[in-house]
Amino acid sequence: GPEYTNTTPKSEDVLVHLNYTDWRDHFDATTGERLSRMPTSDDPFGSFSMILREDQCDAFNLTESAQEKCGGYVNDTGLELKAEIDEQPEIPMVNGRLTTSLTMKVDGGNGSPYTAGPGTPTGGQFRQTFTPRECPKSGCPQPQVGAD
């Protein structure tokens with residue numbers, strides 16, 4: 001007769017780092033939460049954050065508030081930092097890294113049926129799509145009509 005393999009589902013997490021080279025204020029995603037810290041296995045599937053390379057930011061003469069967006073995980077970078085970097089075009093743009101946690105949690109066992117845990121997609125749809133954005137979540141600045 002047929003042979004069956006008995007497996008026990010378990011929670012798993014894959015941390016993915018994606019490097020980028022062009023300016024980004026933030027990223028939008030199809031699932032997960034935008035975080036201002038590095039994602040962990042405790043976060044829902046697809047949660048993400050970004051970090052600018054601190055050593056590259058150090059090459060710029062930045063104000064203290066703009067410098068705070070460099071070297072640590074943030075959920076956006078802000079137009080203040082972008083403006084200060086643009087004032088120094090002789091220095092190459094700051095690169096960054098987008099980090100996402102693809103966490104699949106399992107509940108159940110000990111006689112209970114196994115089910116997808118909190119924050120885990122159901123139906124086998126373990127997909128994540130990111131869209132880079134140059135403008136803040138509130139929108140791009142608009143020129144004032146009639147202003148020079």
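## A buried arginine

Arg24 is buried (under 20% relative accessible area, where over 50% is exposed and anything in between partly exposed, with a 1.4 Å probe and protein chains only), yet Arg24 has no salt bridge, and the nearest side chain of opposite charge, Glu134, is 4.1 Å away. A salt bridge here is a side-chain nitrogen of Lys or Arg within 4 Å of a carboxyl oxygen of Asp or Glu, and in assigning charge Lys and Arg count as positive and Asp and Glu as negative, while His and the chain ends are not counted. This is a predicted model, in which local features need pLDDT of at least 70 and side-chain atom pairs count only at pLDDT 80 or more, whereas totals for chains, interfaces and linings use all residues. Residues are numbered from 1 along each chain as its sequence is written, and side-chain values use heavy atoms, with hydrogens and water left out.

Arg24 is found in the loop between strand S1 (12-20) and strand S2 (26-29); strands (E, at least two residues) and helices (H or I, at least four) are DSSP runs, numbered from the N terminus. Not counting residues up to four places away in sequence, Arg24 touches Met50, Thr77, Pro132, Arg133 and Glu134, where contact means heavy atoms within 4.5 Å.

## Salt bridges

Side chains of opposite charge can pair when their charged atoms come close. The whole structure holds six salt bridges, among them one between Arg34 and Asp28, whose closest N and O atoms are 2.5 Å apart. Arg34 is partly exposed, with a relative accessible area of 26%, and Asp28 is also partly exposed, at 25%.

Asp43 and Arg37 meet in another salt bridge, at 2.7 Å from N to O; Asp43 is buried, with a relative accessible area of 6%, whereas Arg37 is partly exposed, at 39%. In a further salt bridge, between Asp86 and Lys82, the closest N and O atoms are 2.9 Å apart. Because Asp86 and Lys82 are four residues apart in helix H3, about one helical turn separates them. Salt bridges that share partners also join Asp28, Arg34 and Arg133 into one network.

Tyr20 and Phe27 form an edge-to-face pair, 5.2 Å centre to centre with 65° between the planes, and both residues are buried. The ring centres of Phe48 and Phe130 are 5.2 Å apart and their planes stand at 75°, so this pair is edge-to-face. Phe48 in strand S3 (residues 47-52) and Phe130 in strand S7 (residues 130-133) are 82 residues apart, and the pair links distant parts of the chain.

## A residue with positive phi

Most residues other than glycine have a negative phi. Asn110, although not a glycine, has a positive phi of about 50°. Asn110 lies in the loop between S5 and S6 and is exposed, with a relative accessible area of 86%.

Technical notes: Rings of Phe, Tyr and Trp (its six-membered ring) pair if their centres lie within 6.5 Å; planes under 30 degrees apart count as stacked, over 60 as edge-to-face and the rest as tilted.
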